[in-house]
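Colleague: I have a new model on my screen. Can you walk me through how to read its features?

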Amino acid sequence: MSASAAKVGRKENSNHDGADETSEKEQQEAIEHIDEVQNEIDRLNEQASEEILKVEQKYNKLRQPFFQKRSELIAKIPNFWVTTFVNHPQVSALLGEEDEEALHYLTRVEVTEFEDIKSGYRIDFYFDENPYFENKILSKEFHLNESGDPSSKSTEIKWKAGKDLTKRASQTPNKAGKKRQHEEPESFFTWFTDHSDAGADELGEVVKDDIWPNPLQYYLVPDMDDEEGEGDDDDDDEEGLEDIDEEGDEDEGEEDDEEDGEEDGEDD
């Protein structure tokens, strides 16, 4: 390579290195500016959260009289709450037959969010005198402390003798005719003693966020068995009409044959 060619090569490499340094510097400056803009976005998000919380607190108070009025009206409808829970797909999956029987004594449900809303809520279940437990009210509370750690606590259920649904077990005969213990799914009432994962309590969240805002929508869910029964009745009616039509066609055929016979007799 000639001396002149070597000089040109060194010059090109020098320009390339300079371009890389400029590009890296621009990228670093862009990253710093992005971080500054992101900090502004985060600040606005925090401000928005505070404003939204104030609005939620305001309207939470405004809703209370309407919740109270709704509870008074619900009290006039027998078995409103047990019907609502049975009609809810997630809650009904937790209910055994005895759970349903016990929930027939449930007269009122109330969800109370703590005043600042973000620290937790309480669900109260009010019961009439019943053969299962002594309590008139069963409650479960969910708390979120300042560090964000969730916890829960609940009423201790005072079960009557032999009526503890959380310890129930049924016996079913096996093929050899012997009886064996068969554990049923956990009772709905086990929920009151389960504090293992307060931050992801599915039943509590369903009651607070889905059922409580509008329980009427689940109370009014049509009974699928009734709908199927009506469909069967319609099918029976249609079959009956078809039978009548067929019988009518046969009768008309017989009448035509008789008329033809009479005409033949007159010709003779």
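The dialogue below goes from the overall layout to single residues.

Modeller: One caution before we start. This is a predicted model.

Colleague: Where do I begin? How many helices and strands does the chain have?

Modeller: Begin with the elements. The chain has seven helices and six strands. Then read their order. From the N terminus it is α-α-α-α-β-β-β-β-β-β-α-α-α.

Colleague: And what share of the residues counts as buried?

Modeller: The chain has 268 residues, and 23% of them count as buried. Buried here means under 20% relative accessible area.

Colleague: Let's take the strands. How many bridges join strand β2 to strand β3?

Modeller: Seven. Strand β2 covers residues 120-127, strand β3 covers residues 137-144, and the two run antiparallel. Tyr 126 stands opposite Ile 137 in β3.

Colleague: Which way does β3 run against strand β4?

Modeller: Antiparallel, with five bridges between β3 and β4 (residues 150-154). His 143 has Ser 151 in β4 as its bridge partner.

Colleague: What should I look for in the hairpin of β3 and β4?

Modeller: Look at the residues between the strands. There are five, and Gly 148 in this hairpin takes a positive phi near 90°.

Colleague: Where is Asn 79?

Modeller: In the loop between α1 and α2 (80-87). Asn 79 counts as partly exposed, at 34% relative accessibility.

Colleague: On to charges. How do I read salt bridges?

Modeller: Side chains of opposite charge can pair when their charged atoms come close. Searching the whole structure gives eight salt bridges.

Colleague: Which residue meets Glu 56 in a salt bridge?

Modeller: Arg 63, with an N to O distance of 3.9 Å. That sits within the 4 Å cut-off. Glu 56 is partly exposed at 37% relative accessibility. Arg 63 is partly exposed too, at 33%.

Colleague: What of the pair Arg 122 and Asp 124: how far apart are N and O?

Modeller: 3.1 Å, N to O. The two ends read as follows. Arg 122 is partly exposed, with a relative accessible area of 25%. Asp 124 counts as buried, at 4%.

Colleague: And which residue does Asp 201 meet in a salt bridge?

Modeller: Lys 140, at 3.2 Å from N to O. Here, look at where the partners sit. Asp 201 is in the loop between β6 (179-182) and α5 (202-211), and Lys 140 is in strand β3, so the pair ties together parts 61 residues apart in sequence.

Colleague: Is that pair buried or exposed?

Modeller: Buried. Asp 201 has a relative accessible area of 9%. Lys 140 has one of 0%. Also check for shared partners. Salt bridges of that kind join Glu 129, Lys 136 and Lys 160 into one network.

Colleague: Now the surface. Which residues gather in the patch of negative charge?

Modeller: Glu 26, Glu 29, Glu 32, Asp 35 and Glu 36. Asp 35 is in helix α1 (residues 3-74). Asp 35 is partly exposed, because its relative accessible area is 46% and that class runs between 20% and 50%.

Colleague: Which residues make the nonpolar surface patch?

Modeller: Val 55, Tyr 59 and Leu 62, with about 270 Å². Tyr 59 is found in helix α1. At 41% relative accessibility, Tyr 59 counts as partly exposed.

Colleague: One last residue. Where does Phe 188 lie?

Modeller: In the loop between β6 and α5. Phe 188 is buried, with a relative accessible area of 2%. Then compare sequence with space. Phe 188 and Leu 203 are 15 residues apart in sequence, and their C-alpha atoms are 9.5 Å apart.

Technical notes
Residues numbered from 1 in each chain as written. Predicted model: local features only at pLDDT ≥ 70, side-chain atom pairs only at ≥ 80, totals over all residues. Heavy atoms only, no water. Patch = residues over 30% accessible without salt bridge, like charges linked within 9 Å, V, L, I, M, F, W, Y side chains within 5 Å. Areas by Shrake-Rupley, 256 points an atom, 1.4 Å probe, with all protein chains shown as cover. Salt bridge = Lys/Arg side-chain N within 4 Å of Asp/Glu carboxyl O. Lys, Arg positive; Asp, Glu negative; His and termini not counted. Charge placed at Lys NZ, Arg CZ, Asp CG, Glu CD. Helix = DSSP H or I, 4+ residues; strand = E, 2+ residues; numbered from the N terminus. Buried < 20%, exposed > 50% of the residue type's maximum accessible area, 1.4 Å probe, protein only. Pairing = 2+ DSSP bridges.
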